[in-house]
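Please walk me through this structure in plain terms. I would like to know which residues to look at and what surrounds them.

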Amino acid sequence: MAYELRVGQGQLFRARSKKTDRSPDMTGKLMLPNGVLVYVSGWRKQTQAGEEWISLQLGNPVDQHQAHQSAVKDSDEQIPF
């Protein structure tokens with residue numbers, strides 16, 4: 001069973017590869033209070049004083065049907081028979 005986000009929850013994972021310097025360091029998803037699932041991107045930044053922080057950007061809503069089909073496909077691939 002796939003992990004389902006609850007309202008107000010999100011997750012970020014380290015990006016597997018950065019195509020350019022502007023590519024996000026982290027990507028994930030966030031469930032908004034209205035129940036819409038959106039993509040999230042994060043970039044590691046540093047202030048002039050040397051304090052580290054993460055810049056976030058919310059993206060387009062996730063196509064729920066497509067996300068469900070992807071989860072089903074992933075779980076089917078794990079079945080050894």
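The model is a predicted one.

Begin with Asp 25. This residue sits in the loop that lies between strand E1 (10-14) and strand E2 (26-31). Is Asp 25 buried or exposed? Its relative accessibility is 17%, and because buried means under 20%, Asp 25 counts as buried.

Next, see what lies around Asp 25. Leaving out residues up to four places away in sequence, Asp 25 touches Phe 13, Arg 14, Ala 15, Lys 18, Gly 42, Trp 43 and Arg 44. One of these, Lys 18, also makes a polar contact with Asp 25, side chain to side chain, at 2.8 Å.

How many salt bridges are there by the rule used here? The count is one. Lys 18 and Asp 25 form a salt bridge, and their closest N and O atoms are 2.8 Å apart. The partners can also be described by their accessibility. Lys 18 has a relative accessible area of 39%, so it is partly exposed, whereas Asp 25, at 17%, is buried.

Which residues make the nonpolar surface patch? Leu 12, Ile 54 and Leu 56 make it, and the patch covers about 270 Å². With a relative accessibility of 37%, Leu 12 counts as partly exposed. A residue needs over 30% relative accessible area to be part of a patch, and the 37% of Leu 12 is therefore enough on that point.

How values were computed: Residues numbered from 1 in each chain as written. Predicted model: local features only at pLDDT ≥ 70, side-chain atom pairs only at ≥ 80, totals over all residues. Heavy atoms only, no water. Helix = DSSP H or I, 4+ residues; strand = E, 2+ residues; numbered from the N terminus. Buried < 20%, exposed > 50% of the residue type's maximum accessible area, 1.4 Å probe, protein only. Polar contact = N/O pair within 3.5 Å; in protein donor to acceptor, adjacent residues only side chain to side chain. Contact = heavy atoms within 4.5 Å. Salt bridge = Lys/Arg side-chain N within 4 Å of Asp/Glu carboxyl O. Patch = residues over 30% accessible without salt bridge, like charges linked within 9 Å, V, L, I, M, F, W, Y side chains within 5 Å. Areas by Shrake-Rupley, 256 points an atom, 1.4 Å probe, with all protein chains shown as cover.
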